[in-house]
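Hi everyone, thanks for coming. Let me put the structure up on the screen, and then we can walk through a few parts of it together.

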Amino acid sequence: MKRRKFLKRASITGLGLAVTPSIASCTTENKKEQKVAAIGKAVVPITVATWRFHNATKAAWEVLEKGGTAIDAVEQGCRVEEADVKNTTVGKGGAPDRDGNVTLDACIMDKNGNYGAVVCMENIVHPVSVARKVMEETPHVLLAGKGAEQFAVEQGFKREKLLTEASKKAWEKWKIKSEYKPIINIENHDTIGMLAIDKNGDISGACTTSGMAYKMAGRVGDSAVIGSGLFIDNSVGGATATGMGEEVLKTVGSYLIVELMRQGRSPQEACEEGVKRIVSSNPNYKNFQVGYVALNKQGEYGCYCIHGGFGISKYQEGKQTYIESGSYIPKT
């Protein structure tokens with residue numbers, strides 16, 4: 001997927017990312033709108049996600065609009081990207097590891113703090129749904145590799161080849177260029193992390209990815225690790241990450257952001273601090289990409305990213321206001 005273009009404009013129903021050479025941040029240009037946002041005007045139900053996954057956030061919104069739960073919304077939203085073979089960073093069609101195997105990581109977390117995850121799972125298109133089954137049908141929270149695949153089949157999921165011809169050709173081309181080395185590429189970090197608040201005010205989240213393109217076999221990033229790629233506290237809010245998983249893991253980024261919101265920081269302020277923690281401890285931050293999206297109990301949301309951030313814009317579709325980066329909310 002190509003690097004997104006950024007938008008500098010923002011409003012109470014749409015965030016924008018202003019770009020500097022090293023850091024992209026959410027900004028609000030209208031002072032009146034800043035004041036409205038500061039007093040915590042609730043917009044519920046709501047769903048937000050990393051990147052401009054239009055179809056995913058629309059699917060999640062449709063669940064919420066019908067009165068569905070936040071956990072159902074984030075699962076259905078993530079499934080859209082897992083099935084999209086044009087998205088080479090999530091699910092079927094995802095870029096393989098350096099040996100040509102597509103391995104998937106995903107997790108899901110509900111309003112009660114329950115959590116389920118799978119890592120290094122092959123041959124199953126919808127790891128987010130398998131993660132939910134782990135959460136609801138087993139005494140465990142995380143299954144890996146062949147065990148996760150076997151569990152999925154036992155739960156009725158069908159095995160399916162995940163490496164598409166397009167992804168295979170790109171991998172073969174990479175092998176020649178890279179001399180078979182796992183080179184970090186900031187263009188291959190478009191994980192989808194999704195957060196939602198339903199009509200009851202309950203928060204849930206999910207995160208799913210095929211991981212770093214051409215990674216070493218067995219590599220696991222942050223996406224499926226609780227507190228790193230995703231964390232939910234229904235009394236406070238939730239956060240999810242995208243980008244270089246190794247850096248998010250080292251700072252337990254999503255948990256940090258939720259705890260900062262617990263201490264009174266806005267989602268925007270918390271996301272900024274989460275990124276700054278990484279930047280301040282890593283002099284090589286210009287060589288990788290990390291971003292966070294956060295949502296608090298009041299329906300306020302924020303985002304912050306170093307390199308290749310997620311631009312956000314707004315337009316009308318019927319009676320709904322659609323925000324391109326991953327938010328789909330009622331017209332107000």
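Let me start with a question: which residues point one way from strand 12, and which the other way? Y301, C303 and C305 point one way, G302, Y304 and I306 point the other way, and all are buried. By buried I mean under 20% relative accessible area, with exposed being over 50% and partly exposed in between, using a 1.4 Å probe and protein chains only. Helices (H or I, at least four residues) and strands (E, at least two) are DSSP runs, numbered from the N terminus.

Before going on, a word on the model: it is predicted, so local features need pLDDT of at least 70 and side-chain atom pairs count only at pLDDT 80 or more, while totals for chains, interfaces and linings use all residues. Residues are numbered from 1 along each chain as its sequence is written, and side-chain values use heavy atoms, with hydrogens and water left out.

Back to strand 12, residues 301-306. Because six of its six residues are buried, strand 12 is largely enclosed by the rest of the structure. Its partner is strand 11, and the two pair in the antiparallel sense over six bridges; strands count as paired if DSSP finds at least two bridges between them. Four residues separate the two strands in a hairpin, and in the turn G299 has a positive phi of about 90°.

Strand 11 itself, residues 290-296, is mostly covered, with seven of its seven residues buried.

Now over to the helices. Helix 3, residues 70-82, has 13 residues and spans 18 Å from its first C-alpha to its last, close to the 18 Å expected at 1.5 Å a residue; that expectation is 1.5 Å times one less than the number of residues. Its buried residues include I71, V74, E75 and C78. The buried residues of helix 3 pack against helix 2, strand 4, helix 4, strand 7 and strand 8, where contact means heavy atoms within 4.5 Å.

From helix 4, look at R132. R132 counts as buried because its relative accessibility is 14%. Leaving out residues up to four places away in sequence, R132 touches I71, D72, E75 and I108.

Last topic: rings. How many aromatic pairs does the structure hold? There are two. Rings of Phe, Tyr and Trp (its six-membered ring) pair if their centres lie within 6.5 Å; planes under 30 degrees apart count as stacked, over 60 as edge-to-face and the rest as tilted. W174 and Y214 are stacked, at 4.7 Å centre to centre and 20° between the planes. This pair links distant parts of the chain, with W174 in helix 6 and Y214 in the loop between strand 8 and strand 9, 40 residues apart. Both W174 and Y214 are buried.

F231 and Y255 are edge-to-face, at 5.0 Å centre to centre and 80° between the planes. F231 sits in strand 9 and Y255 in helix 8, 24 residues apart. F231 counts as buried because its relative accessibility is 13%, whereas Y255 is partly exposed at 37%.
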